[in-house]
Amino acid sequence: QVQLVESGGGLVQAGGSLRLSCAASGSIFSRNAMAWYRQAPGKQRELVAVIFSGGSTNYADSVKGRFTISRDNAKNTVYLQMNSLKPEDTAVYYCASQLRYYSGTYHGGSWGQGTQVTVSS
C-alpha cells in the first residue's frame with residue numbers, strides 16, 4: 001500500500017510561483033516513477049509531469065518551460081516547481097505513483113488526496 005500526501009497549494013497571482021510537495025511512504029520510492037496530474041472544474045484529469053527513477057522527465061506541452069518536476073529519494077518526496085503561473089493553471093493537483101503506460105499516456109495506480117492551486121488574474 002502506497003501513501004501519498006501532497007502539500008504546498010494555495011492562492012497566487014498570475015505570474016507568481018508555487019512549489020508543491022508529495023511525500024510518499026509504503027514502497028521503494030527510488031525505484032518508482034512519479035507523476036503530477038491536475039483536474040480543473042468541469043474538465044478531465046490531465047497528466048502534468050512525470051519523473052522516472054533515473055531522473056528523466058516528461059511534461060505536458062502546456063507547462064513546458066514553466067514547471068519543473070524533481071525528486072529527493074532520501075526524503076521520499078517529489079516536487080513540482082511552478083513558475084509563471086496562469087489562471088488556466090487553476091486546478092486540484094494530484095501526486096501519483098505505480099504508473100502504467102497504456103493508451104498513449106501514463107495512468108496512476110496510487111493517488112494522493114490532492115491540493116488546490118488557484119491562480120488569480
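Me: Thanks! What order do the elements of the chain run in from the N terminus on?

Reply: They run β-β-β-β-β-β-β-β-β-β-β-β-β, with 0 helices and 13 strands in the chain. Helices (H or I, at least four residues) and strands (E, at least two) are DSSP runs, numbered from the N terminus. This is a predicted model, where local features need pLDDT of at least 70, side-chain atom pairs count only at pLDDT 80 or more, and totals for chains, interfaces and linings use all residues. Residues are numbered from 1 along each chain as its sequence is written, and side-chain values use heavy atoms, leaving out hydrogens and water.

Me: Why is the pair of Tyr94 and Trp111 called edge-to-face?

Reply: A search of the whole structure finds 4 aromatic pairs. In this one, the rings of Tyr94 and Trp111 are 6.3 Å apart centre to centre, with 85 degrees between the planes. Rings of Phe, Tyr and Trp (its six-membered ring) pair if their centres lie within 6.5 Å, and planes over 60 degrees apart count as edge-to-face, under 30 as stacked and the rest as tilted, so the name holds.

Me: Is Tyr94 buried or exposed?

Reply: Tyr94 counts as buried because its relative accessibility is 14%, and buried means under 20% relative accessible area, exposed over 50%, partly exposed in between (1.4 Å probe, protein chains only). Trp111, at 32%, is partly exposed.
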